[in-house]
2 protein chains.
Amino acid sequence: LRRVVIAGVGMTRIDQHFDRGIRDLFKEAVTKALDDSGNPEVSHYYVANAYASLISDQADLGPFLLEYAGCGCIPVTQIGGACGAGGNAFLEGFEAVASGKSDIVLVGGVEKMSDIPQKQVTSVQSTCMDQEYEANYGLTLAGINAMAARSYMQRYSATREQLALFSVQMHKNAVKNPYACLPFEVTTDKVIESFPIADPLTFLDSSPACDGAAAVVMATPEIAQKLTDTKVEVTGVCQSIDSVSISERSTLLTMKSTVDAAEKAYSMSRTRPDQIDVCEIHDAFTITGFIALEDLSLIERGKTGIAVEDGTIAKDGKIPTNPSGGLKARGQPGGATGVYQIAEITQQLMGEAGGTQVEGAEIGLTHNISGFGSGATVGILRRYA
Amino acid sequence: LRRVVIAGVGMTRIDQHFDRGIRDLFKEAVTKALDDSGNPEVSHYYVANAYASLISDQADLGPFLLEYAGCGCIPVTQIGGACGAGGNAFLEGFEAVASGKSDIVLVGGVEKMSDIPQKQVTSVQSTCMDQEYEANYGLTLAGINAMAARSYMQRYSATREQLALFSVQMHKNAVKNPYACLPFEVTTDKVIESFPIADPLTFLDSSPACDGAAAVVMATPEIAQKLTDTKVEVTGVCQSIDSVSISERSTLLTMKSTVDAAEKAYSMSRTRPDQIDVCEIHDAFTITGFIALEDLSLIERGKTGIAVEDGTIAKDGKIPTNPSGGLKARGQPGGATGVYQIAEITQQLMGEAGGTQVEGAEIGLTHNISGFGSGATVGILRRYA
């Protein structure tokens, strides 16, 4: 395998972009990423998206997006996998460069959720679940997470306040992120008292479905160094899967896909969990963040509540988690989320993360899932000299 | 690049499978392909699909399909691109093996169109068009093809009967194909008099949207020869794109994406068009087949009508075209179509195509597009000693 670095990144602000379509968002992110990487000749594009055929009636995104962004007539692969599409595309891009298939690739993710009424978002997002066995009976993704929250609180004597405090921390982080969807602070009381989504989870335990695009350019270090000053290498990235139907799972307190992908990525990267300086994890709901931190071996089983209370996951804590604000407060633009994480961690390791910067971060982790962990991709990025 | 062979193939009958879901179809095709290739250890799955999120409310197909098919916890990438998804996935699978990234991959395509009323199919298929610029104003894919047909007939003095005769030939071929959706004969009169879809094209000029799944296992020859008796190598496969919006095109009589992909695939494979013994081309409508044959340099510009009349494209003709019956009569199961083509050409080159066999076929071509050629993938397969 060849070494793979991130040559450049680009992001749009995450928001309800009522005045902009899916291709406008993609164009902005791609243009920024190409500029940031010295406008290289990309040989293959990977486009991640979860819901454009449902929301924007556009099923064939590759040519659609590339033409408008002025990318030229370059081969393009459209990658799906619901909210895990970004991670899946990142894996494809990495493997294309690592295997020698391509020298320079661009991985872009884009999602436009705000073209449908907010109440339809739940049914759109439930397409990542098993329709015939579960969604058709009324179960929602929020419902699964709520069951997981109840189960977690009971099993580990965690408190409702601890879950809410995770949201408080994410919102605090987002205030410093110019790309964040919800850059304002909240309090535990506000979280608990906001309107219920699926008890015990409330509106402010949930990540906002919104619009955004992110892109990263990947290349070999030899090529990238001619174009730009990158110092961020992808040293591991692995994907794993689990049953989609939760009725096939023995517990909701862990996601086999995350555990498996993380083990493989740590091993591939020769990195131990205690070496991770900063991480961007998939906190679709507050409880999802708890489970992720434990599945990634960053926090001991059942101890995330305490870790949230004692500042472990804060930006200046031992395990700085989601300095961007995470899905919770940076926002959750479906298939783009996994690409945002790569862009964010790259900026962290380059020391270019501005107000969200974790001091001295040299090793970062990204974690993107689909549904309730039907699929998971874990990436490990390292700064090199 | 390493050499890549097709180690095994599997298909379901194409039909309106009202009694079977998307995962049942996928399982059948994958099980057959794995059996056919000696049940190898697949290291990566590629799943092509166009419309499952719109029709079956399933957006995260990788884990969903693999679990039910009993494939185990193997990395999986879901590939989109409307009706060109199968070709796109074939390209990814090929490149994975060729680059050394994977030793054995499975490329599967699946589509289930019959879960919605037939009249909704038009709007589902129009998601491969530009919604904001064209589909929203009432243009349909059939409409674009009808304009192309009018334009073609005028430009080349082709007749309505010649278009209809293409359909007659495809239906004749399909009678011998046990997997075909429409295995019955039609006459030119019947085609012309069947109900109009978009004048001059009628129902029997159009391919039926239906259900089906196909899968192919790809590996290096060294690995494949330990498992099976394959003799079919993929010597070229290239993808190209064009504008989605037809208002950006200067003509409807050629698809730039096909021309470009074909040129590259011929060159990669060191094959001339006149060496092709058998082809499976993307004839979504009769006129689409005309344009494809000319874009692929298999027939001279404007001469397809005559070639249809004089038997050139018949199974025993000079350019045996779609012995399966093509999209027109084998059927058009969206994202699975491109994978069917690979499976069919593989059987042809192995001499295992039964009643559809083209005698002595040693070099075959596959051609899969999305929309009206927004994307195109051309593959060239060769039998080796």
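Predicted model: local features only at pLDDT ≥ 70, side-chain atom pairs only at ≥ 80, totals over all residues.
Me: How are chain A and chain B related?
Reply: A rotation of 180°, with 0.0 Å of shift along its axis, superposes chain A on chain B, and the RMSD is 0.0 Å. The two copies are therefore related as by a two-fold rotation axis.

Me: Which residue of chain A comes closest to the rotation axis?
Reply: That residue is A:Ile79, whose C-alpha atom lies at 2.4 Å from the axis. The two copies use the same surface, for 98% of the contact residues of chain A recur in chain B.

Me: How many residues does each chain bring to the contact?
Reply: Chain A provides 52 residues and chain B provides 51 residues.

Me: And what area do they bury between them?
Reply: About 3900 Å² is buried between chain A and chain B, with 51% of it on carbon and sulfur atoms.

Me: How many salt bridges are there across the interface?
Reply: The rule finds eight salt bridges between chain A and chain B. One of the salt bridges joins A:Glu92 to B:Lys101, with the closest N and O atoms 3.5 Å apart.

Me: What about polar contacts across the interface?
Reply: There are 30 residue pairs in polar contact across the interface of chain A and chain B, counting pairs with both residues at pLDDT 80 or more.

Me: Which elements of chain A supply residues to the side that touches chain B?
Reply: At least two residues each come from strand S2 (44–48), H2, H3, strand S3 (76–79), helix H4 (85–98) and S8 of chain A. H3(A) gives the most to that side, with five residues.

Me: Let us look at one residue, then. Where does A:Gln58 lie?
Reply: A:Gln58 is in the loop between helix H2 (52–55) and helix H3 (61–69) of chain A.

Me: Is A:Gln58 buried or exposed, and why?
Reply: A:Gln58 counts as buried because its relative accessibility is 3%, and the cut-off for buried is under 20%.

Me: What does A:Gln58 touch?
Reply: Leaving aside residues up to four places away in sequence, A:Gln58 touches A:Ala52, A:Ser53 and A:Phe64, among others, and its contacts in chain B include B:Thr127, B:Met129 and B:Gln131.

Me: Where is A:Gln131, and what does its side chain reach?
Reply: A:Gln131 sits in the loop between helix H5 (118–125) and helix H6 (141–156) of chain A. Its side chain reaches the backbone oxygen of A:Ser126 at 2.8 Å. A:Gln131 counts as buried, at 7% relative accessibility. Among the residues it touches are A:Asn136, B:Ser56, B:Asp57 and B:Gln58.

Me: Changing topic: is strand S8 of chain A mostly covered or uncovered?
Reply: Strand S8 (residues 232–241) is mostly covered, with 10 of its 10 residues buried.

Me: Which strands are joined to S8(A)?
Reply: Strand S1 (residues 4–11) of chain A runs antiparallel to S8(A) and is joined to it by two bridges; A:Val5 has A:Glu233 as its bridge partner. Strand S11 (residues 375–383) of chain A also pairs with S8(A) in the antiparallel sense, over nine bridges. There, A:Gln239 stands opposite A:Thr377.

Me: What of A:Ala385: buried or exposed?
Reply: A:Ala385, in the segment after S11 of chain A, is exposed, with a relative accessible area of 98%. The C-alpha atoms of A:Ala385 and A:Lys231 are separated by 6.8 Å, although the two residues are 154 residues apart along the chain.

Key:
Residues numbered from 1 in each chain as written. Chains lettered and ligands numbered in written order. Heavy atoms only, no water. Buried < 20%, exposed > 50% of the residue type's maximum accessible area, 1.4 Å probe, protein only. Helix = DSSP H or I, 4+ residues; strand = E, 2+ residues; numbered from the N terminus. Pairing = 2+ DSSP bridges. Contact = heavy atoms within 4.5 Å. Least-squares fit on C-alpha atoms with pLDDT ≥ 70 in both. Buried area = accessible area lost by both parts, 1.4 Å probe. Salt bridge = Lys/Arg side-chain N within 4 Å of Asp/Glu carboxyl O. Polar contact = N/O pair within 3.5 Å; in protein donor to acceptor, adjacent residues only side chain to side chain.
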